[in-house]
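Please view the sequence and the model first, then read the points below by topic.

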Amino acid sequence: DIGDVGLKYHLELVLEDILDNDSTVNCSAEVLYHPGNKNLPPDVQLTIDGELKNTDEADNIFYNRIKSLEKELVAENIPDSHGNMSPEMEPIHLLAWAASGYVIWQNSTENTNFQLAQIKHVKQVKREDEYLEFDYMILLHEMVSQEIIPWQMTVLWHPQHGVQVTQ
Amino acid sequence: HQVLRIKTRNEGEVKKLQVLESLEHLKLDFWINPSTSSLPVDVRIPANSIQAVKAFLESCGIEYSILIEDLQVVLDKEKQDMACGQQRERTRNTFNYGAYHSLDDIYAQLDNLASEFNNIVSKIRIGESYEKRPLYVLKFGTGGSNRPAIWLDAGIHSREWVTQASAIWIAQKIASDYGKDPSVTSLLNKMDIFLLPVANPDGYVFTHTKNRMWRKTRSKNRGSLCIGVDPNRNWDAGFGGPGASSNPCSDSYHGPSANSEVEVRSIVDFIKNHGNIQAFLTLHSYSQLLMYPYGYKCMEPADYAELDTVGKAAASSIRSLYGTTFKVGSICTTIYQASGGSIDWSYDYGIKYSFAFELRDTGRYGFLLPANQIIPTAEETWLGLKTIMEHVRDNPY
């Protein structure tokens, strides 16, 4: 259900947990595009009607697994050409998905529709503090132009502090 | 060589086996590695380490049993079976429909289907690609001459792998259902089906060898280093209009002129020469959409009401199997304005029942749909196609 007033869109949407189809939450959002200034990302105000599921346990398992690796994690082609992804790479993929959401938001206009197509390469960056840092090279698929756009992003993550895209 | 199955009762025993694993001079080959005491450990042991390993296990009180007494005997038999099996595969059709295949393997399977079901399936060559690969169409029919027919193609955009994979599954489904399924039987008794499983073979090979995300043809563009034309912007329908690019480096480049791509021209020539095509159906991925014209203009086609009804019925059939939802509508209102598309051409040419499918998924895996979703996708898509084909069969025009 979408009503639009000029460049401002009002959206009613339902968020569904991709790992658990029965877990849904209703949201509403106001999105304001700035056609005058192409470099400005759209303003987004989001209201969540309810609570997002608690993921502390899975977060901590992933966090501890990465922290206890002897060598920094390096991987490529997630998923591979046949759509395969090892279970160990699932959280790496989900993290990229969340982070790419930020990149996509920053680069969206009324005429774009981006999806994360693939992680070409991911490299863990050693850190002294408690954060995990990953350097991703991803491919974004832009539906309207059908282009595949390579994008580099540096992602910080911590179970309590969430996701941050620093570059 | 022997293969032993070792049953550990506790973590201590697992740790002992991990020590064994680290002794490289024994040249042990673990088929199941020691990790937890709840799983057995299978290990292949070369002849001259057998004594040592058994002595170790016995002294630690670790239980084991002999899984394979002599591995060479098993291997010899397997080689024998495979040699016979290869002959059998050609006749018994053990093609794995739940996996993605190379162009060569798909083409080999087309031959298999044509020979296994030679009473209703024949293979036709309708032309060749830019790099001179054959364009093969399977014809499904029960005789007659120039019967009304249905056209179905897949893989015009090479990176959309689930479409070529679904097409070959659908081919074997149609062939094996004839004589068993009343609907398919009555359909083929009245009409022919022409199925082009790989409309863009050059692109398909390129996605296997060089770039999994390649979409276009592989033709050279005059005056540019960039290769390829978007074959679904190259049809003579609003050619060169909005929604297609004039830049050869773009993934939606329309090409120098309509039908410049031999892959497109071959289909156009076939359809025109046949003269009695009643439906034009094409498979793409991804987004889960079922669309009818127009793409090049945001105006309803004259047959909008009927096409929308049929489309919704097909989407309903698709949903009935696994709950997969498809949005139905015209190209322009459902995705975007796009000129030079195949179903716009076919519709304006007079083929009323023109539909384009965008198969699974909606973006989670996108083009990289896991192989374990091929068959479910093909199954549900077939139900949608069947609904449309039944309507075409029952509504000649």
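A residue is called buried when its relative accessible area is under 20%, exposed when that area is over 50%, and partly exposed in between. A:Val44 has a relative accessible area of 39% and is therefore partly exposed. The model discussed here is a predicted one.

**Nonpolar surface patch**

- A:Val44 belongs to a nonpolar patch on the surface, together with A:Leu15, A:Leu46, A:Ile48, A:Leu52, A:Tyr102 and A:Trp105.
- The accessible area of these residues together is about 610 Å².
- Strand β4 of chain A, in which A:Val44 lies, gives the most to the patch, with three residues.
- At least two residues of the patch come from each of β4 (43-49) and α2 (90-106) of chain A.

**Nonpolar cores**

- In soluble globular proteins, nonpolar side chains tend to be buried together.
- The largest nonpolar core in this model has 116 residues, and those touching the most other members are A:Ile92, A:Phe134, A:Tyr136, B:Phe140, B:Trp151, B:Phe355 and B:Phe357.
- Helix α5 of chain B (residues 161-177) gives the most to this core, supplying ten residues.
- Apart from this core lies another, of 14 residues, including B:Leu20, B:Leu28, B:Phe30 and B:Ile45.
- Leaving aside residues up to four places away in sequence, B:Trp151 touches B:Phe194, B:Leu196, B:Phe270 and B:Phe280, among others.

**Annotated domain**

- An unreviewed UniProt entry places the feature "domain: Peptidase M14" at residues 99-392 of chain B.
- Over residues 99-392, chain B is 38% helix and 17% strand, with the end C-alpha atoms 31 Å apart.

**Backbone features**

- Most residues other than glycine have a negative phi, and most peptide bonds are trans.
- A cis peptide bond, with omega about -10°, joins A:Ile78 to A:Pro79; A:Pro79 lies in the loop between β5 (74-78) and α2 of chain A.
- In chain B, the peptide bond from B:Pro293 to B:Tyr294 is also cis, with omega near 5°, and B:Tyr294 is in the loop between β10 (289-292) and α9 (304-322).
- B:Asn146, although not a glycine, has a positive phi of about 50°; this residue is in the loop between β6 (134-140) and β7 (149-154) of chain B.
- Because its relative accessible area is 44%, B:Asn146 counts as partly exposed.
- B:Gln288 has a positive phi near 60° and sits in the loop between β9 (277-285) and β10 of chain B.
- With a relative accessibility of 11%, B:Gln288 is therefore buried.

How values were computed: Residues numbered from 1 in each chain as written. Chains lettered and ligands numbered in written order. Predicted model: local features only at pLDDT ≥ 70, side-chain atom pairs only at ≥ 80, totals over all residues. Heavy atoms only, no water. Patch = residues over 30% accessible without salt bridge, like charges linked within 9 Å, V, L, I, M, F, W, Y side chains within 5 Å. Areas by Shrake-Rupley, 256 points an atom, 1.4 Å probe, with all protein chains shown as cover. Salt bridge = Lys/Arg side-chain N within 4 Å of Asp/Glu carboxyl O. Helix = DSSP H or I, 4+ residues; strand = E, 2+ residues; numbered from the N terminus. Buried < 20%, exposed > 50% of the residue type's maximum accessible area, 1.4 Å probe, protein only. UniProt positions renumbered as here; feature names shortened; annotations may be inferred. Core = buried A, V, L, I, M, F, W, Y, C linked by side-chain atoms within 4.5 Å. Contact = heavy atoms within 4.5 Å.
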